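Good morning, everyone, and thank you for making time for this short talk.

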Amino acid sequence: MQIRHDWTVDEIRAIYSQPLMDLVYQAQTTHREAWGNNDVQLCSLLSIKTGGCSEDCSYCPQAARYNTGVKAEALLSVEAVLGCAEKARDAGASRFCMGAAWRGPKGDRQFDQVLDMVRGVRDLGMEACCTLGMLTKDQAEQLAGAGLTAYNHNIDTSPEFYQDVISTRTYADRLRTLSYVRDSGVDVCCGGIVGLGETVEDRCTMLQVLATMESHPESVPVNALVTVEGTPLQDQKPVETIDMVRMIATARILMPKAKVRLSAGRAQMTDDAQLLCMMAGANSIFFGDMLLTTANPGYADDMALFEKAGIRPLEAHAQPASK
Ligand code: SAM
Ligand code: DTB
Ligand code: SF4
């Protein structure tokens, strides 16, 4: 199948805004052609370093400057993290994602600990993913050397809206880290958030940034804003299901071979809404009771949903069917 990297915002807006049934049909058709199955990747997410972050991302409960009730904690030990990873593997996770509330890794000692975590997760037979904030070229290469499968670093929204959401770093900073990750040979996991107060134009522009990268990200997380009291975005109105479906379907059509992840916000959605997102092309989720600091649906509920819908977990290192 033809993979395009020259999408215009006009084309993307036309896809995003078409009648919902046509959009879902197009997305589902693309999904079947690219993936040849309806398996869904199960990723386990662990906060290895919680709270106390120096950045001012206006959605985030972990920014030190907002009073959200999230306490700053130290980096977890390698043993503690690998214990969680083993449990996640036994529960069916094929990917283990480790998140740190950092602007970027600082200090060699802590970074070395993270490298040990990555090696340990790979030794357990799982894919390993990290999200540690901004990286230097050297850090990206060291993560690659430790066997990291993917690095998560979101652009969150459009370049135009970005500075309304975050002031302590720039869009260019984000893109630089992403290029270091790409060049290191580690897979890129990059997406954004719906519900920050952005326009449809911002959403389409964000998707254009992703879909015109020289290589599309291997994973595209689509998060629905989880409103947390104490953050500047605490009073945003809940994201409508139809907006998540449009965003996921459009991402699927533009980037057929990416794993499109229905990420934050599932705990606030009904089962039916989640299934609609999967029908629109989402083929990855975080499972387990917690995201980083907020709730996720329970394990038993997720397994019951998969069972009822006949959805199987995607195997580790699965590739799209069409080359
Ligand atoms: N500190 C690192 C960074 O910002 O890159 C890694 C962790 S950060 C929590 C990872 C991503 O989680 C953010 O880029 C954002 O897209 C998402 N996120 C954080 N808080 C969220 C919220 N309240 N609702 C939805 N997504 C959120
Ligand atoms: C991503 O795109 N979503 C995840 C993961 N990457 C690291 C994080 C969601 C965080 C939701 C808010 C919280 O639990 O703190
Ligand atoms: Fe820090 Fe990441 Fe939260 Fe921003 S999103 S405040 S960088 S933890």
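Let me begin with ligand 3, which sits in the largest cavity of this predicted model.

Now to the helices. Two packed helices are described by the angle between their axes and the distance between the axes, and I will give both for each pair.

Helix α9, residues 241-254, takes part in two of the pairs I want to show. With helix α1, residues 9-17, α9 packs at an angle of about 130°, and the two axes are 9 Å apart. Angles over 145 degrees would count as roughly antiparallel, so α1 and α9 are described as oblique to each other, and their crossing is right-handed.

With helix α2, residues 20-35, the axis of α9 again lies 9 Å away, but here the angle is about 40°. That angle makes α2 oblique to α9, and the crossing of α2 and α9 is left-handed.

Finally, please find helix α10, residues 271-279, and helix α11, residues 299-309, whose axes come within 12 Å and cross at roughly 60°. Because of that angle, α10 is oblique to α11, and α10 passes α11 in a right-handed crossing.

Definitions and conventions:
Residues are numbered from 1 along each chain as its sequence is written. Chains are lettered from A and ligands numbered from 1 in the order in which they are written. This is a predicted model: local features need pLDDT of at least 70, side-chain atom pairs count only at pLDDT 80 or more; totals for chains, interfaces and linings use all residues. Side-chain values use heavy atoms; hydrogens and water are left out. On a 1 Å grid over the protein atoms alone, a cavity is a set of points where a 1.4 Å probe fits but cannot get out, and a pocket is an open set with protein on both sides within 12 Å along at least five of seven lines; lining residues have an atom within 4 Å of a point. A molecule sits in a cavity or pocket if more than half of its atoms lie within 2 Å of its grid points. Axes are lines fitted to C-alpha atoms, for helices over the stretch in contact, and angles run from 0 to 180 degrees between N-to-C directions. Helices (H or I, at least four residues) and strands (E, at least two) are DSSP runs, numbered from the N terminus. Angles under 35 degrees count as roughly parallel, over 145 as roughly antiparallel, 65 to 115 as roughly perpendicular and the rest as oblique. A crossing is left-handed if the near helix is turned anticlockwise from the far one by less than a right angle, and right-handed if clockwise.
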